[in-house]
Amino acid sequence: LCKNRNLEMTSAFLLVVLLLAQGLFSSAKDLENGHLLVLKSADKFHTIVNKNVTISISLFNVGKGAVFDVRIDDAHFVSEGVREVGGSRSTTVEKLASGANYTHSYVIAPLLPGELVTAAAKISYRLEPEGEDLKTVYSNRLPSLPVLTSAEYARHNTKHYVEWLIFLILSLIPVGMPAFVHWNAKNQLRSLEDSLKKK
């Protein structure tokens, strides 16, 4: 639950950054027509070899007009050894109205340990249904996702009950031994005092 919240907060932060960048670098004329912002995200900050990772590409039409023939292309991966599990890295959306958003997702699984590095997704669209002018925008690039082996993941994430038990036992030795010696010496003194009183 905590990881999901962190992912949601990260995605929201990236979206805010994109909107701010849009305000800084886009002119009012650009926004008179349809204009797309693109956010690329993953459902994990790290993964395990052969475990699924869902990649999502979210489109936001922040312009005043609709966009047409929207083509999403995320076929380029810098990392090798990636298996497609579900969905497609490319798709087409016929129309995206002003103020609307659309999210396309697909699932992959890394086959090798190391890092999963992706390129920016490429999105092209038209301002008119049959228009010849093709606009192109790119998404953000994802940070490199560490890909761990099952053993590495277990070492980082298991609760290590046995190790903590051993640590607890060993930590009791420097505390317990002096306490035992003190208790034993105190009992011997009492026994000596009792024997002296009897005499």
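Analyst: Start with one rule: two strands count as paired if DSSP finds at least two bridges between them. Keep in mind that this is a predicted model.

User: Which strands form the open sheet of three, and in what order?

Analyst: The order is E2-E11-E8, and the pairing in this open sheet is mixed. Strand E2 (47-48) and strand E8 (114-116) are the edge strands, each pairing on one side only.

User: How many bridges join E8 to E11?

Analyst: Three bridges join E8 to strand E11 (residues 145-148), and the two run antiparallel. For a place to look, find Gly114, which stands opposite Val147 in E11.

User: What is the strand order in the open sheet of four?

Analyst: Read it as E6-E4-E9-E10, with antiparallel pairing. Strand E6 (90-96) and strand E10 (134-138) each have a single partner strand, so one side of each is left without a neighbour in the sheet. Neighbouring strands here are turned by 20 degrees against each other on average, direction ignored.

User: Where can I see E4 and E6 pair?

Analyst: Follow strand E4 (residues 67-73), which pairs with E6 over six bridges in the antiparallel sense. Phe68 stands opposite Lys95 in E6.

User: How many salt bridges does a search of the whole structure find?

Analyst: First the general idea. Side chains of opposite charge can pair when their charged atoms come close. In this structure the search finds six salt bridges. Among them is Asp69 with Arg126, whose closest N and O atoms are 3.1 Å apart. That pair links distant parts of the chain: Asp69 is in strand E4 and Arg126 in strand E9 (residues 122-126), 57 residues apart.

User: Are Asp69 and Arg126 buried or exposed?

Analyst: Both are buried. Asp69 has 17% relative accessibility, and buried means under 20%. Asp69 also forms a salt bridge with Arg71, again with the closest N and O atoms 3.1 Å apart. Arg71, at 40%, counts as partly exposed.

User: Which residue forms a salt bridge with Lys135?

Analyst: Asp133 does, with the closest N and O atoms 3.6 Å apart. Lys135 is partly exposed at 32% relative accessibility, and Asp133 is partly exposed at 46%.

User: Which residues form a nonpolar patch on the surface?

Analyst: Leu165, Leu168, Ile169 and Leu172 do, with about 390 Å² of accessible area together. Take Ile169, which lies in helix H4 (residues 161-198). Ile169 has a relative accessible area of 48%, so it counts as partly exposed.

Key
Residues are numbered from 1 along each chain as its sequence is written. This is a predicted model: local features need pLDDT of at least 70, side-chain atom pairs count only at pLDDT 80 or more; totals for chains, interfaces and linings use all residues. Side-chain values use heavy atoms; hydrogens and water are left out. Axes are lines fitted to C-alpha atoms, for helices over the stretch in contact, and angles run from 0 to 180 degrees between N-to-C directions. Patches are made of residues with over 30% relative accessible area and no salt bridge: like charges are joined within 9 Å, nonpolar side chains (Val, Leu, Ile, Met, Phe, Trp, Tyr) within 5 Å. Accessible areas come from the Shrake-Rupley method with a 1.4 Å probe; for residues, only the protein chains shown count as cover. A salt bridge is a side-chain nitrogen of Lys or Arg within 4 Å of a carboxyl oxygen of Asp or Glu. Buried means under 20% relative accessible area, exposed over 50%, partly exposed in between (1.4 Å probe, protein chains only).
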